[in-house]
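My entries follow in the order I made them.

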Amino acid sequence: MSLMACLLSAFEAGDKKPFLRSGTWRAVLQRPDGQQIIFNFATVVEKNKQLLYVINGSERLLVDSVKREGDSLWIDMPFFASHFTARVLPDGNLEGIYSKSYGDKKQEIPFYALYGNSERYTEPAKPAYNITGNWDATFGKGKHPVQAIGVFEQTGNGKVTGTFRTPTGDYRYLEGIVSGDSLKLSGFDGGHVILFVAKLDNDSTITEGNYYSGLSGHETWTARKNARVQLPDSYEQTKLKPGETRLNFRFPSTKGDTISIQDEQYKNKVVVVQILGSWCPNCMDETAFLSDYYKQHRKEGVEIIGLAYERTTDFAGAQKALEPFRKRFAVQYPFLVTGVAVSDSLRSQKTLPQLETIKAFPTTIFIDKKGNVRKIHTGLDGPATGKYYEAFKQEFDEEINTLLKEDQ
């Protein structure tokens, strides 16, 4: 019998209970090159409904679309067009396939999950070094290396949490371990499927770093501890073209109406334009923040507009992809569908020709009461970055308050 036939077979011998056992699981995504991307999740039953929480560091990502028929299990991640199709084995553990759609392409990775194991990495050796602090990291070699900052916190038993900050966003919540002189960090949220491994030469040098993503992605990296390392200014990466001061756009919203930045409802208001995509994990974090902010400050004269660049140019497909964001975060501001794919090299010219280019998702544009673009913020330091996320929220609030106090 083929693997897919096994996965779809609903009535093979095994645990026939309608729900998975409640508790913590250790899941392994098995890449063809032998690398394992490991994460944990917890299962619970609430109000006669099976729920699952993906665990990365301090994050508990709710997964509420879990369906079981006999020994077959289907788990839809809340975002990023990713899914699990699994078989419940006679011993109660799981095996199956993780799949993720990238527009017209699809990746599939075999996986298994063991019940009752809350440790991400087992049998660790005593850590030789402590990597707590900031690290100046470089990904890739040659003409176009990417700068990043590793922000890590290590406990006495070698457990590590943190993330990498980059000029275009962060890698969200990572969790792992220092075992001897080896570092392992992994993260999974349905969008990020990532593993970092490296050798610690000493307290301040990381070498032989490898970064694995998805089914086959791979990059090398190195890092040196540096408490003073900084990323480029987030407000200097994306700029208006010379002579331009205002945006001018008009797109359909996911509700079917057409909205323009020139509409009456945005006149004499402070407007934030969010450039996003439903495929973007950092956009998920920013949407959660902006949605809450809008609910709290809308009456003060603040408006937000989301401009979405999806993997498809089809309106219905984009509308469907954005719906999980809108529903999960109870978004009350409009999402507009640009109709231009994120992969389109002319996406800026076709949608926001006043900008030199759209460098990152998310990008956040602040517009004053007179309709002038005042600042453009590229990327996001999300909640996984800790104090940097708090600094971003404070800067955002201060910028809005400054614009609100200005005369029309």
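**Entry: a strand pair and its sheet**

I began with leucine 307, which stands opposite leucine 336 in strand 23. The model is predicted, and I read every value below as computed from it. Strand 22, residues 302–308, is joined to strand 23 by 3 bridges, and the two run parallel.

**Entry: serine 253**

Is serine 253 buried or exposed? I count serine 253 as buried, because its relative accessibility is 2%, below the 20% cut-off. Serine 253 sits in the loop between strand 19 (250–252) and strand 20 (258–260). Leaving out residues up to four places away in sequence, I found serine 253 touching Ile259, Phe315, Phe335 and Leu336. Leu336 is the residue I had noted opposite leucine 307. From serine 253 to phenylalanine 315 I read 9.6 Å, C-alpha to C-alpha, with the two 62 residues apart in sequence.

**Entry: two hairpins**

Next I followed strand 16 (residues 193–202) into strand 17 (residues 205–213). They run antiparallel, joined by 7 bridges, and form a hairpin with 2 residues between them. I picked out leucine 200, whose bridge partner in strand 17 is isoleucine 206.

Strand 17 also pairs with strand 18 (residues 217–225), again antiparallel and through 7 bridges. Here tyrosine 212 stands opposite histidine 218 in strand 18. I checked the turn of this hairpin, which has 3 residues between the strands, and found glycine 214 with a positive phi near 60°.

**Entry: glycine 162**

I looked up glycine 162 in strand 12, residues 159–166. Glycine 162 counts as buried because its relative accessibility is 14%, again under 20%. Setting aside neighbours within four places in sequence, glycine 162 is in contact with Val151, Phe152, Arg172, Tyr173 and Leu174. I also took the separation from leucine 185, 23 residues apart from glycine 162 along the chain: the C-alpha atoms are separated by 8.9 Å.

**Entry: enclosed space**

How many cavities of 30 Å³ or more does a search of the whole structure find? I got 1. About 70 Å³ of space lies in the largest cavity. I wrote down its lining as Ala27, Phe39, Phe41, Leu52, Val54, Ile75, Met77, Phe84, Leu94 and Phe111. Strand 2 (36–46) and strand 3 (49–56) are the elements that give two or more residues to this lining. By class I have 10 nonpolar residues, no polar and no charged ones.

Methods: Residues are numbered from 1 along each chain as its sequence is written. This is a predicted model: local features need pLDDT of at least 70, side-chain atom pairs count only at pLDDT 80 or more; totals for chains, interfaces and linings use all residues. Side-chain values use heavy atoms; hydrogens and water are left out. Two strands pair if DSSP finds at least two bridges between them. Helices (H or I, at least four residues) and strands (E, at least two) are DSSP runs, numbered from the N terminus. On a 1 Å grid over the protein atoms alone, a cavity is a set of points where a 1.4 Å probe fits but cannot get out, and a pocket is an open set with protein on both sides within 12 Å along at least five of seven lines; lining residues have an atom within 4 Å of a point. Grid points are joined across faces, edges and corners, and a volume is the space filled by probe spheres set on the points. Ala, Val, Leu, Ile, Met, Phe, Trp, Tyr, Cys and Pro count as nonpolar, Asp, Glu, Lys and Arg as charged, and the others, Gly among them, as polar. Buried means under 20% relative accessible area, exposed over 50%, partly exposed in between (1.4 Å probe, protein chains only). Contact means heavy atoms within 4.5 Å.
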